[in-house]
Amino acid sequence: MHAAELDAADPLAPYLDRFVASPGLVAYLDGNSLGRPLRASVERVQAFLTEEWGGRLIRGWDEGWLDLPLAIGDDLGRVALGAAPGQVTIADSTTVSLYKLIRAALDARPGRTEIVIDRDNFPTDRYLVEGIARDRGLTVRWVETPHDGGVTPELVEPLLGPATALVVFSSVAYRSAWFADIPAITRLAHDAGALVLWDLCHSVGVVPTPLDEWGVDLAVGCGYKYLNGGPGAPSFLYVRSELQEQLRQPIQGWLGSARPFEMGQGYEPAAGIRGFLSGTPPMVGMQPIRDMVALLDEAGIDAVRAKSVALTEFAVELVDSLLPDAALASPRDAGRRGGHITIDHPRFAELMPLLWERGVIPDFRRPDGIRLGLSPLSTSFAEVEAGIREIATLLATL
Ligand SMILES: *Cc1c(COP(=O)(O)O)cnc(C)c1O
């Protein structure tokens, strides 16, 4: 089918208009790295500055600001994560949220000496695990994964045992887009007595992950990818309710304490998910996330996933026909693939500046992969075709 027919038949096409226009843009294929701003967010941030911050000043903290991270967390949990209320909150950056939950999980498994993570996980995840392991004299057990795949129960199982404290994986791999079998891997880790932390950065807002149903212990995810929170938007974290009492996070700040405004001696964590907060929440930075959560609620996460699958299927077809010399470095099975694809070609690095100049914006992942991130609510089939045709045209001129 042609892009025009696919766009005409796309029930989510009307949502394309909700995003801020970008002059000179031909194809934005990087919505998995930095989502586009919603027009509603421009208004919301402006209203926040003038009415809430400007109008209410410090009274805002008593008038709802302190509850907002948890309220957005509950909405996000309901709309995109299959999480009952009280388990999700907007938090610090993804890196800091990961650090806090890794440390908390390790403390809850005293005497166990190993952390399992994959070699292809996102750098921040690997660096944190390596640093914490070094501090505590723990051993990192590495899962080696195929270039076009990711972690599977078969690859993980041999590394689990009575010494495993924690397993840290990404739901969708940032490069290959491999969508892990979260329930099966979580079960294996639990059978070994370990806790599991899933990094949802590349799935939240595009691939549904029913965390409660799948028995996930801990999760974090990014606010500026498919949640369109804007550069540096805060992350969210999920702590399964049964674990909230047992886990203590290490950054004991006043706003995660039981009675912050008493300014008392000695730290006592707040009950529930609030105890996983540390300092003053980033009020401005979390505003745009509200609009994307509302939009996901309106469109429905299953419809978003259906369009995502159609977009990546279409992209794979185009790559096969227009770029026969490029290799798909992502799963061919849509059921095991997230919202992006990576294609490899030895000359892709040379192409990147030319593409960006022409308004075609994918990103590049070493050694020679172009990553096409297709955010369903802001990306048309026509854009996907225009982008891949431009890659083919430019490659032919090199
Ligand atoms: C984007 C991303 C991060 C980013 O972390 P920041 O602290 O926001 O820079 C972390 N992990 C994964 C898997 C990501 O994709």
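A cavity is a set of grid points where a 1.4 Å probe fits but cannot get out. Rolling a probe the size of a water molecule over the atoms shows where empty space is left. The model here is predicted. It holds two cavities of 30 Å³ or more.

Start with the largest cavity. Its volume is about 70 Å³. Asp 118, Asp 120, Asn 121 and Phe 122 contribute to the lining, as do Gly 150 and Val 151. Ser 170, Ala 173, Tyr 174 and Trp 178 complete that lining. By class, five of these residues are nonpolar, three polar and two charged.

Now the second largest cavity. Its volume is about 40 Å³. Phe 122, Ser 170, Val 172 and Tyr 174 line it, together with Asp 199, Cys 201, His 202 and Lys 225. Here the classes are four nonpolar, two polar and two charged.

Turn to the helices. Two packed helices are described by the angle between their axes and the distance between the axes. For H3 (residues 68-81) and H10 (residues 283-299), the angle is about 25° and the axes lie 10 Å apart. Angles under 35 degrees count as roughly parallel, so H3 and H10 are roughly parallel to each other. Their crossing is left-handed.

Which residues meet? From H3 come Leu 68, Pro 69, Ile 72, Asp 75, Leu 76, Arg 78 and Val 79. H10 supplies Met 283, Met 286, Gln 287, Ile 289, Arg 290, Val 293, Leu 296 and Asp 297. This contact has 10 nonpolar, one polar and four charged residues.

Methods: Residues are numbered from 1 along each chain as its sequence is written. This is a predicted model: local features need pLDDT of at least 70, side-chain atom pairs count only at pLDDT 80 or more; totals for chains, interfaces and linings use all residues. Side-chain values use heavy atoms; hydrogens and water are left out. On a 1 Å grid over the protein atoms alone, a cavity is a set of points where a 1.4 Å probe fits but cannot get out, and a pocket is an open set with protein on both sides within 12 Å along at least five of seven lines; lining residues have an atom within 4 Å of a point. Grid points are joined across faces, edges and corners, and a volume is the space filled by probe spheres set on the points. Ala, Val, Leu, Ile, Met, Phe, Trp, Tyr, Cys and Pro count as nonpolar, Asp, Glu, Lys and Arg as charged, and the others, Gly among them, as polar. Axes are lines fitted to C-alpha atoms, for helices over the stretch in contact, and angles run from 0 to 180 degrees between N-to-C directions. Helices (H or I, at least four residues) and strands (E, at least two) are DSSP runs, numbered from the N terminus. Angles under 35 degrees count as roughly parallel, over 145 as roughly antiparallel, 65 to 115 as roughly perpendicular and the rest as oblique. A crossing is left-handed if the near helix is turned anticlockwise from the far one by less than a right angle, and right-handed if clockwise. Contact means heavy atoms within 4.5 Å.
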